[in-house]
Amino acid sequence: MAESPKSAWPQSSVLRPFSLNELFALWERYPDAVPYSGGTGSGRTELPNNILSLEGIEELGRITRTERYLELGAMVRLSEIIALGKNTQRNAMISDALTLSLLHTAAPAVRNLATIGGCVISGGDALAAMTALDARYELRGARQTRWISAARFSVLGGVLAYHELLTRIRIPLEQWDYTIPYKFDEGTLLILIRNQKNLLAKIQVIFGGKNLLLRDKNTETFLEGQRLPLEKKDVLRFVELWENYLAGLGTPDPFLKTRILNSIEAGLLGLAV
Ligand SMILES: Cc1cc2nc3c(=O)[nH]c(=O)nc-3n(C[C@H](O)[C@H](O)[C@H](O)COP(=O)(O)OP(=O)(O)OC[C@H]3O[C@@H](n4cnc5c(N)ncnc54)[C@H](O)[C@@H]3O)c2cc1C
């Protein structure tokens, strides 16, 4: 008897829960199931045996806003977030840091599928913005829910507990006057500045990438309180302080280090005389 040709695609079952309770019950029955949100970031060449689709869980697709923060369900698409940022009437809802970071992520077709939850879990371009904006993540398991700051989650390597899901992201509604993003293959560099009566009241310089979060709070205080536009010598000193910070860490690699330092210099010189 002729052997039937093997299918190029392994036989995968797609589990489609409609609520989180249903999801965790299914996960207990199929412990090897892998969550899929947009399916664009998994980097797998083979599909897992069991796919746990998050598509049908309505609460994961919600966008809500209170006076103090914006809440994004993990299944909100990157393109939806960018659209929120472009809508001038609802502009105050979302910080430029997040929309500009996501505008540099992949192509529109990918952004229509990719979700903010998948982006955070796979160490994508939203990490620097989430940290800069003091976002908090809701992580849910079958029996417990915990909240963790974006910065801490990154520092801990973005690791979820067994059968844990990122369900919601809470982002304080803080506005910055200047947002300067630089995208590299390895991650995103963000420079955020708050201007108060022509004084630089606050600055954050953050690089976020897969397994790498760089921020030096001590260096930021050097520029805080300086008059805007900045003086060129202060910008160069700031870059030098960042160089010392990176030298102390011994990471990242020299090529990325140079690109980060050059970008900080170029970004801040744009605000200098
Ligand atoms: C052509 C192309 C270009 C790309 N360019 C970029 C780019 O420029 N920048 C960038 O950052 N990324 C890029 N990506 C990667 C990817 O599109 C993004 O990281 C995307 O945001 C992943 O989201 P997703 O919803 O598709 O995640 P998925 O692929 O569904 O999931 C990614 C991982 O996260 C897990 N996961 C998903 N959702 C959850 C959840 N809620 N809780 C727990 N675990 C979860 C999954 O199990 C999987 O391991 C690109 C991808 C493609 C195909």
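The shell around the ligand holds 14 nonpolar, 11 polar and two charged residues. Here Ala, Val, Leu, Ile, Met, Phe, Trp, Tyr, Cys and Pro count as nonpolar, Asp, Glu, Lys and Arg as charged, and the others, Gly among them, as polar. This is a predicted model: local features need pLDDT of at least 70, side-chain atom pairs count only at pLDDT 80 or more, and totals for chains, interfaces and linings use all residues. Residues are numbered from 1 along each chain as its sequence is written, and side-chain values use heavy atoms, with hydrogens and water left out.

Stay with the ligand. Pro35, Thr40, Gly41, Thr115 and Lys183 come nearest among the 27 residues around it. A residue is near a molecule or strand if one of its heavy atoms lies within 4 Å of it. A polar backbone atom of Ser37 is 2.8 Å from a ligand oxygen. For Ala106, a backbone N or O atom lies 3.0 Å from an oxygen atom of the ligand. For Cys119, a polar backbone atom is 3.4 Å from a ligand oxygen. How much of the ligand does the protein bury? Alone, the ligand exposes 980 Å², and the protein buries 77% of that. Such areas come from the Shrake-Rupley method with a 1.4 Å probe; for residues, only the protein chains shown count as cover.

Now step back to the whole chain. It has 10 helices and 12 strands. Both are DSSP runs numbered from the N terminus: helices are H or I with at least four residues, strands are E with at least two. The C-alpha trace spans about 80 × 45 × 35 Å along its principal axes. Of the 273 residues, 44% are buried. Buried means under 20% relative accessible area, exposed over 50%, and partly exposed in between (1.4 Å probe, protein chains only).

Next, look at the sheet that contains β8. Five strands form an open sheet in the order β4-β5-β8-β6-β7, with antiparallel pairing. β4 (63-65) and β7 (145-149) stand at the edges with a single partner strand each, so one side of each has no neighbour in the sheet. Neighbouring strands of this sheet are turned by 20° against each other on average, direction ignored. These angles use axes fitted as lines to C-alpha atoms, for helices over the stretch in contact; they run from 0 to 180 degrees between N-to-C directions. Strands pair through backbone hydrogen bonds, either parallel or antiparallel. Two strands count as paired if DSSP finds at least two bridges between them. Strand β5 (residues 69-73) is joined to β8 (residues 165-172) by five bridges, and the two run antiparallel. Leu70 has Ile171 in β8 as its bridge partner.

Thr167 also sits in β8. Is Thr167 buried or exposed? At 1% relative accessibility, Thr167 is buried. Its side chain makes a polar contact of 2.6 Å with the side chain of Glu138. A polar contact is a pair of N or O atoms within 3.5 Å; within protein, one must be able to donate a hydrogen and the other to accept it, and residues adjacent in sequence count only if both atoms are side-chain atoms.

Move on to a hairpin. It joins β9 to β10 through two residues. Strands β9 (residues 178-184) and β10 (residues 187-196) pair antiparallel over seven bridges. Phe184 stands opposite Gly187 in β10. The side chain of Thr188 makes a polar contact with that of Asp125 (3.4 Å).

Helix α3 (residues 96-103) has Ala97, Leu98, Thr99, Ser101 and Leu102 as its buried residues. Ser95 caps the N-terminal end of α3, with a side-chain oxygen 3.0 Å from the backbone nitrogen of Ala97.

Finish with backbone exceptions. Most residues other than glycine have a negative phi, and most peptide bonds are trans. Asp134 has a positive phi of about 60° and is not a glycine. Asp134 lies in the loop between α6 (127-132) and β6 (136-140), and is exposed at 51% relative accessibility. The peptide bond from Leu228 to Pro229 is cis, with omega near -5°. Another cis peptide bond joins Thr251 and Pro252, with omega about 0°.
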